[in-house]
Amino acid sequence: MQTLIIGDIHGCYAELLELLDRAAIGADDLVVSVGDLVDRGPDPGPVLDLFRTRPNTLAILGNHELNLLRDERKHGNDWFWNECSERDARFSPCALVTSDDARRDMLGFFASLPLMLSRPDLRPITAASPLPSAKGRRAPAAASSYQPTWSHNGSSPAQTSFNAG
């Protein structure tokens, strides 16, 4: 089993699929995002769908997801607010979130993401963890049921750790 760790996908679904193909990632291989699944790229929805539905896929919270959770409008996240401001024109075209239900669903997914994952040989930590905006962030209530199934060379499943910042 291979492990592929990816950062800064930023809603670039076609490029993500190309990377998975070039790295010869199969269904049994582990794919880990170290944050910034969304913002700036044209297809954040399909990127999120892949990380929500593909087996053997994990993600940790990045600062772009954290900004959306904190209701902070930042450069590159107008897509989420269904706006096309002049500020974000250079990121066009992008898929807009036109439904409040879809927006709440995405926020629920972001809220479920830990700031850190840990296993004996690896501990990816999001860059968002030392930021003042992450201060006071705690593991979501459902964290106790979040059980990643990655292991190293057949060892037992890794424990998920949360960094409260």
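Reader: Which strands and helix make the right-handed β-α-β unit with helix 2?

Author: In this predicted model, strand 2, helix 2 (residues 44-53) and strand 3 make that right-handed unit; helices (H or I, at least four residues) and strands (E, at least two) are DSSP runs numbered from the N terminus, and right-handed means that, with the strands pointing away from the viewer, the path from the first strand over the helix to the second runs clockwise. Residues are numbered from 1 along each chain as its sequence is written. Local features need pLDDT of at least 70, side-chain atom pairs count only at pLDDT 80 or more, totals for chains, interfaces and linings use all residues, and side-chain values use heavy atoms, with hydrogens and water left out.

Reader: How many bridges pair strand 2 and strand 3?

Author: Three, in the parallel sense, where pairing needs at least two DSSP bridges; V32 stands opposite L58 in strand 3 (residues 57-59).

Reader: And what does V32 face in strand 1?

Author: I5 stands opposite V32, and four bridges join the parallel strands 1 (residues 3-6) and 2.

Reader: Are the faces of strand 2 buried or exposed?

Author: On strand 2 (residues 30-33), L30 and V32 on one side and V31 and S33 on the other are all buried, meaning under 20% relative accessible area with a 1.4 Å probe, protein chains only.

Reader: Changing topic, where is the pLDDT below 50?

Author: The protein averages a pLDDT (the predictor's confidence in each residue, from 0 to 100) of 79, but over residues 137-165 the value is below 50. Where pLDDT is low, the predicted coordinates should not be read in detail.

Terms used: Contact = heavy atoms within 4.5 Å. Buried < 20%, exposed > 50% of the residue type's maximum accessible area, 1.4 Å probe, protein only.
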